[in-house]
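Good morning, colleagues. Please take a moment to look at the sequence and the model on the screen before I go through them.

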Amino acid sequence: MADKEKVVATEKPEKPEKVKKEKKKGRVKEAWRGFKSETKKIVWPTWKQVLKNTFVVLIVVLVFVILIGILDYAFSHGIQALTELFTK
C-alpha cells in the first residue's frame, strides 16, 4: 500500500484549460453588479439638509478665520513690541 501512495503522490494533477479572459470578464461583471447594488443603497440628503450643512460649514470656517486673524494680529504686535523693547 505504501508503494501505491507514492505513485499517486507523484502523479501530476491535470491543469485546467487557460481561460484567463473569461475569468477576468466574470470578475469585472461581478464587480460591476456589486457596485450597482451598493449605489442603490445610498441615501442622499435632501436639498434642505445640504443647505443647512453648507451654512454650518461656512459659519465654522468664518469663526476660525476671525480667530486666526486675531491671534496673528496679537502675535505680530507682541513680537514687534518685544523687538522694540530689546533694541533700545
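**Confidence and overall picture**

The average pLDDT of the chain is 85, and 75% of the residues score at least 70; pLDDT is the predictor's confidence in each residue, from 0 to 100. This is a predicted model, in which local features need pLDDT of at least 70 and side-chain atom pairs count only at pLDDT 80 or more, while totals for chains, interfaces and linings use all residues. Residues are numbered from 1 along each chain as its sequence is written, and side-chain values use heavy atoms, with hydrogens and water left out.

The chain has 3 helices and 0 strands, in the order α-α-α along the sequence. Helices (H or I, at least four residues) and strands (E, at least two) are DSSP runs, numbered from the N terminus. Confidence is lowest in helix H1 (residues 2-10), with a mean of 55, and highest in H3, with 96. Where pLDDT is low, the predicted coordinates should not be read in detail.

How many of the 88 residues count as buried? The share is 0%, where buried means under 20% relative accessible area, exposed over 50%, and partly exposed in between (1.4 Å probe, protein chains only). The accessible surface of the chain is about 9,700 Å², and carbon and sulfur atoms hold 67% of that; such areas come from the Shrake-Rupley method with a 1.4 Å probe, and for residues only the protein chains shown count as cover.

Two patches deserve attention. Patches are made of residues with over 30% relative accessible area and no salt bridge, like charges being joined within 9 Å and nonpolar side chains (Val, Leu, Ile, Met, Phe, Trp, Tyr) within 5 Å. A patch of positive charge is formed by Lys25, Lys29, Arg33, Lys36 and Lys40. Lys25 lies in helix H2 (residues 20-39) and is exposed because its relative accessibility is 59%. The nonpolar patch covers about 680 Å² and consists of Val56, Val60, Phe64, Leu67, Ile68, Leu71 and Phe75. Val60 belongs to helix H3 (residues 47-87) and, at 41% relative accessible area, is partly exposed.

Finally, the charged pairs. The count is 1 salt bridge, meaning a side-chain nitrogen of Lys or Arg within 4 Å of a carboxyl oxygen of Asp or Glu. The partners are Lys41 and Glu38, whose closest N and O atoms are 3.2 Å apart. Lys41 is exposed at 57%, whereas Glu38 is partly exposed at 46%.

Notes. Lys and Arg count as positive and Asp and Glu as negative; His and the chain ends are not counted. The place of a charge is taken as NZ of Lys, CZ of Arg, CG of Asp or CD of Glu.
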